[in-house]
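Biologist: I've got this chain up on my screen and I'd like to talk it through. Can you take my questions one by one?

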Amino acid sequence: MNAKKITNPSLSSHQARGRFITLEGSEGAGKSTQLEAVKAWLEAHQIPHQITREPGGTPLSEAIRELVLDPQYQVQADTELLLMFAARAQHIHESIMPQLQSGVWVVSDRFTDSTYAYQGMARGFDLERIEYLEQWVQQDLQPDLTLLYDVPVNIGLKRASMRSASDRIEQESKAFFDRVRQGYLMRAKQHPDRVRIIDASPSVELVTEQTTHTLDQYLGSIQHVER
């Protein structure tokens, strides 16, 4: 059976289109805090938007999230990878695509770059398999802009330790998160037109300044193109 073709609204010129923005980063990078800053920026610009997350974003995807992150389960690497893409497939078809097609901007806390960083680089999974699943599940859907919050692993893990109880993935070793960071930086190097690296080491206020500045630049660039 042939997979249904997904059309990325960012590639459609005949209709008002939403934009797809993703936030990425390892543990303790401050994505959740900056997600609020992105939301405030969108509201200030009166841009209709939907905030979501991965894995998750729909009832079924949230149920898969619970399975993937629950420390009581011993999840094999290939099972983890397939569950991530199963949740993503539901997320795309039930939530992301309908919102984008209606002109709503979608902001997701994590997307496929996380899979390359965590399941690919950190777990040592064959990147060609991830690429195959990405093409099968997403077709030509890609984020229009990715904000990558980069922080040294020691700082990130120290911050993360101050939060609530760790989930299954958060309990991994420092070496694991070193590889996650390497995976993210590799993705940024491979996709410089899409991925913007934001230094997440300084204060929340300074990171928020970087975030809003990057969003201002992005909005200016697409307004210039659409004139």
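**Strands, burial and the whole chain**

Biologist: Over how many bridges do S1 and S3 pair?
Modeller: S1 and S3 run in the parallel sense where they pair. Strands here are DSSP runs of E with at least two residues, helices are runs of H or I with at least four, and both are numbered from the N terminus. Two strands pair if DSSP finds at least two bridges between them. For S1 and S3, the count is 4 bridges.

Biologist: Before we go on, what kind of model is this?
Modeller: Residues are numbered from 1 along each chain as its sequence is written, and side-chain values use heavy atoms, with hydrogens and water left out. Local features need pLDDT of at least 70, side-chain atom pairs count only at pLDDT 80 or more, and totals for chains, interfaces and linings use all residues, since this is a model that was predicted.

Biologist: How many residues of S3 are buried?
Modeller: Buried means under 20% relative accessible area with a 1.4 Å probe, counting protein chains only; exposed is over 50%, and partly exposed is in between. In a regular strand the side chains alternate between the two faces of the sheet. Trp 105, Val 107 and Asp 109 point one way from S3, with Val 106 and Ser 108 pointing the other way, and all are buried. S3 is therefore largely enclosed by the rest of the structure, its buried count being 5 of the 5 residues.

Biologist: Which residue in S4 does Glu 24 stand opposite?
Modeller: S1 (residues 20–25) and S4 run parallel, joined by 5 bridges. Gly 25 stands opposite Tyr 149 in S4. Glu 24 stands opposite Leu 148.

Biologist: Which residue in S5 does Tyr 149 stand opposite?
Modeller: S4 also pairs with S5 (residues 195–199), in the parallel sense and over 5 bridges. S4 is largely enclosed by the rest of the structure, because 6 of its 6 residues are buried. In S5, Tyr 149 stands opposite Ile 198.

Biologist: How far apart in space are Val 75 and Glu 43?
Modeller: Val 75 is in the loop between helix H2 (59–69) and helix H3 (77–101). Beyond its neighbours within four places in sequence, it is in contact (heavy atoms within 4.5 Å) with Leu 67, Val 68, Glu 80 and Arg 168. Glu 43 is 32 residues away in sequence, and the C-alpha to C-alpha distance is 39 Å.
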